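Subject: Structure handover

Hello,

Here is the structure for your files. Please open it alongside this message.

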Amino acid sequence: MTPLINAAAGSLGGLAAEQKSQDVTDWAARIGWVAGLLLLIALVYWLMREGWKWRGTLQGDLPELPQVPAELGPPRLALSGRYHGSTTAGQWLDRIVAHGLGTRSRAELTLTERGLAVVRPGAGDFFIPAGSLRGARLDKGIAGKVLAEGGLLVITWQLGDRLIDSGFRSDHAAEHTAWVDTLTELTGGPSDAAAHQHDTEGAR
């Protein structure tokens, strides 16, 4: 019986050694996969960053954003919510990133007779003079961000020679309609850019 016992013990030892070797091999493969995945993520991030910088360079002709004046005057409307980005007016995927306009953030909007103040915690504030406002509408998508139909307040304004659409969403979406009505009244009617429907079929 002793030879049989020795043989069985030898077989069990061989199986344990093989299992241990297999475990080591699995860990090495997993580490390789994780390292490859991290490299891929780093590459994608780098490409996105370079694309962002390239787009910002192309938009270098945009003037600096007006700063919020110390005295705004009595507010007509105020809104707390999120800023979802800006695009060339009528082109919902042509994102504008120059001067920090591509940075999504929280936003506090105040509309007065002097214009629209956009205060963004953690990002750059800016001011749209009343004479630069061109209209407003309800929409569902801007700069790659898609919401429910009418879930986005899009304000059209002019910066230098370029018409810009900026998208905002209030914490209370029911406020959007009042903003559209007031800005339409303030600007004397919707702008030509605001009259065009966005082709958002690709986002459906």
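Below are the notes, from the overall picture down to single residues.

**Ground rules**

This is a predicted model, so local features need pLDDT of at least 70, side-chain atom pairs count only at pLDDT 80 or more, and totals for chains, interfaces and linings use all residues. Residues are numbered from 1 along each chain as its sequence is written, and side-chain values use heavy atoms, with hydrogens and water left out.

**Confidence**

pLDDT is the predictor's confidence in each residue, on a scale from 0 to 100. The protein averages 79, and 71% of the residues score at least 70. Residues 191-204 stay under 50. The model has 20 contacts beyond four places in sequence for that stretch; a contact means heavy atoms within 4.5 Å.

**Overall**

The protein has three helices and ten strands. Both kinds of element are DSSP runs, numbered from the N terminus: helices are H or I with at least four residues, strands are E with at least two. The order along the sequence is α-β-β-β-β-β-β-β-β-β-β-α-α.

Of the 204 residues, 35% count as buried. Buried means under 20% relative accessible area, exposed means over 50%, and partly exposed lies in between (1.4 Å probe, protein chains only). Among contacts between residues at least 6 apart in sequence, 64% join residues at least 24 apart. The protein exposes about 12,000 Å², and carbon and sulfur atoms supply 60% of that area. Accessible areas come from the Shrake-Rupley method with a 1.4 Å probe; for residues, only the protein chains shown count as cover.

Leucine 62 sits in the loop between helix H1 (2-58) and strand E1 (77-88). Its relative accessible area is 6%, so leucine 62 is buried. Leaving out residues up to four places away in sequence, leucine 62 touches Ile96, Ala98, His99, Leu159 and Arg162. Leucine 62 and arginine 162 are 100 residues apart along the chain, yet their C-alpha atoms are separated by 7.9 Å.

**Salt bridges**

A salt bridge here is a side-chain nitrogen of Lys or Arg within 4 Å of a carboxyl oxygen of Asp or Glu. The count comes to seven. Three of them follow.

- Aspartate 61 pairs with arginine 162, with the closest N and O atoms 3.9 Å apart. Aspartate 61 is in the loop between H1 and E1 and arginine 162 in strand E10 (residues 162-170), so the bridge ties together parts 101 residues apart in sequence. Aspartate 61 is exposed at 59%, whereas arginine 162 is partly exposed at 21%.
- Arginine 76 pairs with glutamate 113, with the closest N and O atoms 3.2 Å apart. This pair links distant parts of the chain, 37 residues apart: arginine 76 is in the loop between H1 and E1, glutamate 113 in the loop between strand E3 (105-112) and strand E4 (115-119). Arginine 76 is partly exposed at 32%, and glutamate 113 is exposed at 52%. Arg76, Glu113 and Glu185 are linked in a network of salt bridges.
- Arginine 137 pairs with aspartate 139, with the closest N and O atoms 3.1 Å apart. Arginine 137 is buried at 9%. Aspartate 139 is buried at 8%.

**Helix H2**

Helix H2 covers residues 176-187, twelve in number. The expected span is 1.5 Å times one less than the number of residues. That gives 16 Å, and the end C-alpha atoms are 16 Å apart, so the two agree. The buried residues of H2 are His176, Trp179, Val180, Thr182 and Leu183. Their cover includes E1, E3, E4, strand E6 (133-139), strand E9 (152-159) and E10. Just after H2, glycine 188 takes a positive phi of about 80°.

**Two more sites**

Serine 132 lies in the loop between strand E5 (126-129) and E6. Serine 132 counts as buried at 18% relative accessibility. Thr156, Trp157 and Gln158 touch serine 132, not counting residues up to four places away in sequence.

Val34, Leu37, Leu38 and Ile41 make a nonpolar surface patch of about 390 Å². Patches are made of residues with over 30% relative accessible area and no salt bridge; like charges are joined within 9 Å, nonpolar side chains (Val, Leu, Ile, Met, Phe, Trp, Tyr) within 5 Å. Leucine 38 is in helix H1 and counts as exposed at 54%.

Best wishes
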